[in-house]
Amino acid sequence: MSESDSDFANDDDDDELLQQYLGKSQAPINLLTTGDEDTTLEQHHQEQHPQQHINNNQPIASQFLQQPIDNEIQAKLFQADGEIATLKAQLISLQNAKRDELNTLRQSYDAFKKSKEEEAAALRDVVLKLEDDRKFLKNELVTTNALKKRKINGNDNTNSSQQTRPQVSTEMDQSVFEASLESEGTSIPSQTIQKVIRVQHETSALIDQIWRYCIPGSKRSTIEYLSKICFNFDIDTLYGYKLEKKTAIASFISNVLMSMKAARLDELIEKLSLLVLDIIRQVVAQKATLSVPFLLSLIYCTISFRPVAVTKPVIIKLIHDCCELAMSYTFLLNPNLEEEADFGNYHDVPDQVIAIERFILICCLELIEKLTVISSIYDADFIRQVWTDQTVIPKALVTSCLPQNVERFKSTAQINLVFNVVEILLASITEDTFGFNEAVSDFNMISSLMRIFLIDVPIKDGFRFYGLNRFNGNNYDLKVIDLTIPIKHDNLHNYLVSIPQPVYKNLDSDLNQKEIQLHHEAHLLNLKIKVCELFQSLIISKQTIDFLIDKEHFKSFVRIIHFEQTYMANDPRSPTLHSRVHLIGQIVKIMNYLTQDLHEASDLIYSETMYEMFVALSRIAFGADSLSLDAHKLLVKIRTQGHFDITIFNKSCEVRARQLNHLTAKDFISKNGGKLVANVESDYANGLEFPYEAETVELSREILNRFVNHEEADNLYFNMNFESQDNGDDDENENFSDLDMDI
């Protein structure tokens, strides 16, 4: 290709414009099409210099023509250039305007769509809340009508078939009443009514739980108690709420819950807890304490619903105020009130008021325990903040409930409060924290905890409550609290009371001292087991045993095992024997930790304690003899004959073995059901026929191996398992094949 052709081809835009111009003007253009002639012309222009100048003001087309264009054609070409530039500018402006309009429309559409979606979501929430309210009110109506129906049936059983069924508005309610009438006499109707309650919203579920919550062991719900209590003064509380005098507290709580039902769950828990706490603070200042334990139980119910929804500031505030309230009543632990500074204000206080205040102290510690357990779900820094800040949990409160002095421990320690302190300390254990994180206070607390094993915490009259966290111990004093609040009205026909009513009934005449002592014994054993769990948690979390490296502590552990073994030998059918066996197993675990890396026995064990340890551990390590085999054969023989309801050895151990293994009616009627039940019961230690748990036996043998050689171990075994050779071939002792059960 020639140079002129390549120059012409390099400008594509000019070539396109030239074709447009030539098409419009129809001007005769005589283009040279031969490549040779183009080359000649190019050389001619290079030789003649003046002819190489091309006028730059000419139209684009004329720059590529070999013959000059006249002025008229040039004018038209200039005009065409102008029109094209104008049209191009208009086209660009139209495109920009269209693009801007599209962007505007798209933005307006997105904004409109977002607003409609938010509106739809809000409407859905409103519909859900209305549906929850409708279900709640319907269930309340159904329950109320069913209760009325049962009362009518109870008053006139002979004409129950002729009584008219209450009118209901929906088919669901009708089916509920029909199901309750069909199940009448065979099951509890309230269980049928409960099945229709299907609360989906968490806030509604919390309100329902508050409305039905009962203090453990009480015959009435907390709201039922509060429906009979009022104040003689107005209370202006948080968030603009006002509790007017002579108004039932339950009515006020109901109004508050209905006004807060649209709140988020954590907000509802926070506002309701702080509001009730503020009411408690004001009524305690006015010495109107009748409602305080029930308001505290209401806070307990609220924070127990969803522990993860309780925020850190709420935990700090509740613990702080509850500790202050508890500190104002710790003087009640002293058996001699005249020795206390506050006795001048209590010499004329009625017994029912003191009973209420004792229950307040119990509820405060139960609530503090629950809050510290909830705080353990957060990080270690928050746990340390709770304990290091003395304004949150004061040391004086802990030492009052868990005294460090031996004499004061015997006189003032109350088992519920000691249990609370142990649980609170257990919740404070992490890799970096325990208690107040101070060496002196931690050492004193460990010493006080060791006294629990050696000094029996006595029963304190006036403090016999279950509390809020457990069904342990006795609950007789709750009857006094129940009698201070009328069921319908008091003797003066007042349906609302502001002070506790006098108790004229002699409740001591109904007490069963043997039952009280048995329940207290079980409570104390559970407390000792919990202390063992605390020590094990400390050892595992902190990877150290330094806090228990003490000869007196180890001596105490050996003595405890000896005491429990003596008790088991004296009363092998005790209902609490399984707890004693478990306590021995927990102590053996702790002793195994203490002796694992022990270099010299004298560093930890007194010489006289060594002998006691050999005797106690030998009873465990070599306690299983032929008696266990014979007992198992007897169990198999009796159970395979279908005798499942009779007690063979220890009733409490046999029942607990079945419960722990989740035996059902299907297991009993199966082909090998008798053998299965016998195996389950024989695997559970009862202290005599099946002495100890397998793990406890293995750990005891490992501990003994660290202090005795093989010859000494053999002597210990033969001394603990001596059997007469005269009865060795007696077939009656070998099996029970000829045993005929006639039961």
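**Close-up 1. L676 in helix α27 of the predicted model.** In this predicted model, L676 is partly exposed, with a relative accessible area of 34%, and the residue belongs to helix α27, which runs over residues 673-683. When its neighbours within four places in sequence are left aside, L676 is in contact with L663 and D667. The view also takes in R639, which stands 37 residues away from L676 in sequence and, from C-alpha to C-alpha, 8.8 Å away in space.

Close-up 2. Helix α24 covers residues 626-640, and its 15 residues, at 1.5 Å a residue, should span 21 Å, which agrees with the 21 Å between its end C-alpha atoms. Just after α24, G642 takes a positive phi of about 90°.

Close-up 3. The 12 residues of helix α28 (residues 694-705) should span 16 Å at 1.5 Å a residue, and the end C-alpha atoms are 17 Å apart, which agrees. T696, V697, L699, S700, I703 and L704 are the buried residues of this helix. They cover an arc of only 165° around the axis, which puts them on the same side of α28. On the other side of α28, A694 and N705 are exposed, whereas the buried residues of α28 pack against α22 (577-595) and α23.

**Close-up 4. Helix α23, one of the packing partners of α28.** The buried residues of α23 are T609, M610, M613, F614, A616, L617, S618, I620 and A621. The buried residues of α28 pack against this helix as well as against α22.

**Close-up 5. The second largest pocket.** This pocket has a volume of about 810 Å³. It is lined by 33 residues, of which Y476, D477, K479, V480 and L507 are the closest to its centre. The elements that give two or more residues to the lining are α13 (351-375), α19 (478-483) and α20 (513-542). By residue type, the lining of the second largest pocket divides into 12 nonpolar, nine polar and 12 charged residues.

Close-up 6. H493 is found in the loop between α19 and α20, and has a positive phi of about 60° although it is not a glycine. At 53% relative accessibility, H493 counts as exposed, because the cut-off for that class is over 50%. H662 lies in the loop between α25 (651-660) and α26 (665-669), and its phi is near 55°, again a positive value in a residue other than glycine. H662 counts as exposed too, at 64% relative accessibility.

Close-up 7. C214 lies in the loop between α7 (202-212) and α8 (222-226), where the residue is partly exposed, with a relative accessible area of 36%. Leaving aside neighbours within four places in sequence, C214 is in contact with R220, S221 and T222. E224 is 10 residues from C214 in sequence, and the two C-alpha atoms are 9.2 Å apart.

Close-up 8. L226 is found in helix α8 and is buried, with a relative accessible area of 0%. Not counting residues up to four places away in sequence, L226 touches A248, I249, A250, S291, F294, L295 and L298. Of these, S291 is 65 residues from L226 in sequence, yet the C-alpha atoms of the pair are 6.8 Å apart in space. For the protein as a whole, among contacts between residues at least 6 apart in sequence, 74% join residues at least 24 apart. Buried residues make up 43% of the 743 residues in the protein, which has 30 helices and two strands.

Key:
Residues numbered from 1 in each chain as written. Predicted model: local features only at pLDDT ≥ 70, side-chain atom pairs only at ≥ 80, totals over all residues. Heavy atoms only, no water. 1 Å grid on protein atoms, 1.4 Å probe; cavity = no way out; pocket = protein on both sides within 12 Å on 5 of 7 lines; lining within 4 Å. Points joined across faces, edges and corners; volume = space filled by probe spheres on them. Helix = DSSP H or I, 4+ residues; strand = E, 2+ residues; numbered from the N terminus. Nonpolar A, V, L, I, M, F, W, Y, C, P; charged D, E, K, R; others polar. Expected span 1.5 Å × (residues − 1). Buried < 20%, exposed > 50% of the residue type's maximum accessible area, 1.4 Å probe, protein only. Contact = heavy atoms within 4.5 Å. Arc of directions from axis to C-beta.
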